[in-house]
Amino acid sequence: MNKSRSMQTPLAAARGLGSAKSGLHHWWNQRMTAVAMVPLVIWMVSLSILMTGAGYEDALVLVSHPANATVLILFVAVGFWHAMLGLQVILEDYVAAEGLRLILITLIRMFVVVLAALSILSILRVVL
């Protein structure tokens, strides 16, 4: 039997592929982090404007305030998470070799976790 000429309809062929089962979850996380970034970015822009022209000591006091430090930590955590999700989508769409794609996704995840941890620890060091 010639496999190039199947009697199966395109819909039936697609149904046989199954679902990825994680696409909706990933899409939802990406949208939620994007929505969360809106007020965080507004707060950070406001904080940056307040620090314009401030000296080191004044900036340190401003960042050390619990509300500002909390928003800064959230900004870093949510921002890195959102970036990681976006980079993963790019790799899934444009890297054809599955092994290479999985290695790159893993490396990006590890890199993002390390950068986020270093950033958060730096903020905590300033606050504490």
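Predicted model: local features only at pLDDT ≥ 70, side-chain atom pairs only at ≥ 80, totals over all residues.
Leaving out residues up to four places away in sequence, N29 touches W81 and L85.

T33 also has its place in helix α2. The relative accessible area of T33 is 3%, so this residue is buried. Beyond residues up to four places away in sequence, T33 touches V78, W81, H82 and L85.

## Overall architecture

The secondary structure of the protein consists of five helices and zero strands. Read from the N terminus, the order of elements is α-α-α-α-α. The protein has 128 residues, of which 22% are buried.

Contacts across the sequence were also counted. Among those between residues at least 6 apart in sequence, 72% join residues at least 24 apart.

## Packing of α2 against α3

The axes of α2 and α3 come within 10 Å of each other and cross at roughly 155 degrees. An angle over 145 degrees counts as roughly antiparallel, and α2 and α3 are therefore roughly antiparallel to each other. Their crossing is right-handed.

On the α2 side, the contact is formed by L47, L50 and M51, which meet A59, L62 and V63 of α3. By residue class, this contact of α2 with α3 comprises six nonpolar residues, with no polar and no charged ones.

## Packing of α3 against α4

Helix α3 spans residues 56-64 and helix α4 spans residues 66-94; their axes come within 5 Å and cross at roughly 75 degrees. Angles of 65 to 115 degrees count as roughly perpendicular, so α3 is roughly perpendicular to α4.

L62, V63 and S64 of α3 make this contact with P66, N68, A69 and L72 of α4. The residues of the contact of α3 with α4 divide into five nonpolar and two polar, with no charged residue. L62 and V63 of α3 take part here and also in the contact of α3 with α2.

## The largest nonpolar core

In soluble globular proteins, nonpolar side chains tend to be buried together. In this model, the largest nonpolar core has eleven residues: M37, L40, M44, L47, V63, A69, V71, L72, V76, V78 and I123. The elements that give two or more residues to this core are α2, covering residues 23-51, and α4. Helix α4 gives the most, with five residues.

L47 and V63 belong to the core and take part in the contact of α2 with α3. A69 and L72, also in the core, belong to the α4 side of the contact with α3.

A116 is found in helix α5, which covers residues 98-127. Its relative accessible area is 13%, so A116 is buried.

Leaving aside neighbours within four places in sequence, A116 is in contact with V76 and F80. A116 and F80 are 36 residues apart along the chain, yet their C-alpha atoms are separated by 6.4 Å.

Notes: Residues numbered from 1 in each chain as written. Heavy atoms only, no water. Axes fitted to C-alpha atoms, helices over the stretch in contact; angles between N-to-C directions. Helix = DSSP H or I, 4+ residues; strand = E, 2+ residues; numbered from the N terminus. Parallel < 35°, antiparallel > 145°, perpendicular 65-115°, else oblique. Contact = heavy atoms within 4.5 Å. Nonpolar A, V, L, I, M, F, W, Y, C, P; charged D, E, K, R; others polar. Core = buried A, V, L, I, M, F, W, Y, C linked by side-chain atoms within 4.5 Å. Buried < 20%, exposed > 50% of the residue type's maximum accessible area, 1.4 Å probe, protein only. Left-handed = near helix turned anticlockwise from the far one by under 90°.
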